[in-house]
Amino acid sequence: MPEIHVVRKDNRNLYQDYFDPYFRLRHDIYVKQRKWMALDRPDGREIDQFDTEDAVYLFCIDRGQLIGAMRAVPTVLPTLMSDIFPYLSIHGPICRPDVYELSRVFVIPERRGEHAGPRVETLLLTAIMEYGISIGLTGFSIVLEAWWLPRFERYGWKAHPLGLPHMMDGMSVLAVMIDCDEVTWTSQCNQSGLTRPTLTWRGLDQVRRRALPEIFLPPAAAIQQAR
C-alpha cells in the first residue's frame with residue numbers, strides 16, 4: 001500500500017527530492033490538464049504565495065514515486081479564501097488556530113480509480129482527517145468546485161457551505177467547512193479497510209500530537225479486507 005508522509009517545515013529537508021516533481025505535477029494537472037492558465041509558469045512548476053514554510057503537505061509515495069498529494073495551510077495565515085476568494089464566505093474568511101485550509105488535492109492520472117487496494121484519493125482524505133485529529137484541529141476550510149460535494153458525502157465528510165456558489169470559468173465554485181472528528185475518520189477507515197493510523201511522521205518525533213487508536217472493523221468489512 002502507498003505511504004502517506006507528513007511534510008512540514010520541521011522535516012522538509014528529508015523530502016527535498018520530492019518537491020520539484022511535486023510542483024511539476026501540479027503544473028501538469030492544474031495548467032495542462034485542467035486549463036487553469038492563470039497558474040502557468042515558464043519553468044513548468046506551479047507554485048503560489050501559499051507555498052510557505054508553514055504549509056503542511058501530505059505526500060502519497062509508492063515505491064519512491066510521488067503519486068498524490070494535498071496541501072494544508074493554517075487559517076491564521078493568508079489563505080486562498082482570505083486573499084483571493086473572500087466573497088465566497090458570507091461571514092468573512094475563516095481565521096482560527098483549530099482550522100486549516102485544504103488545497104491542491106491531486107492524484108496522478110495513472111493512479112486514479114481502483115488499483116488493487118483503496119483509492120489513492122480516499123487514502124489522502126482519510127490521512128488528512130487523521131492529521132487534523134492528531135494535532136487538535138476541529139475543521140478544514142476548502143474553496144472547491146461544486147462537483148466535489150457528492151464525493152465528500154460518499155466519503156462521510158460533513159461539508160457546511162459558507163456562502164453561495166459563484167460561477168468561475170464555467171464552473172460552480174463555493175467555500176465550505178469540513179468537520180474534523182474521530183467519527184468521520186473511523187468511518188473513512190472502515191470504507192477503506194484500514195485498521196490503524198496510516199500517516200508516516202518521519203523526522204517529526206518532537207511534534208506534539210495525539211496518538212490515535214487501532215480500529216476494529218465490523219465483521220463484514222473484516223471479511224472483505226481478508227478477501
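The charged end of arginine 12 is placed over the ring of phenylalanine 19, 3.8 Å from the ring centre; a charge sits over a ring if NZ of Lys or CZ of Arg is within 6 Å of the ring centre and within 35 degrees of the ring normal. The model is predicted, with local features needing pLDDT of at least 70 and side-chain atom pairs counting only at pLDDT 80 or more, while totals for chains, interfaces and linings use all residues. Residues are numbered from 1 along each chain as its sequence is written, and side-chain values use heavy atoms, with hydrogens and water left out.

The structure contains 18 aromatic pairs (rings of Phe, Tyr and Trp, the latter by its six-membered ring, with centres within 6.5 Å; planes under 30 degrees apart are stacked, over 60 edge-to-face and the rest tilted). Phenylalanine 19 and tyrosine 57 form an edge-to-face pair, because their planes stand at 85 degrees, with ring centres 5.3 Å apart. Since phenylalanine 19 belongs to helix α1 (residues 16-33) and tyrosine 57 to strand β2 (residues 56-62), this pair ties together parts 38 residues apart in sequence. Helices (H or I, at least four residues) and strands (E, at least two) are DSSP runs, numbered from the N terminus. Tyrosine 22 and phenylalanine 23 make a tilted pair, at 5.1 Å centre to centre and 55 degrees between the planes. Ring pairs join Tyr15, Tyr18, Phe19, Tyr22, Phe23, Tyr57, Phe59 and Phe106 into a cluster.

Serine 103 lies in strand β4 (residues 99-107).
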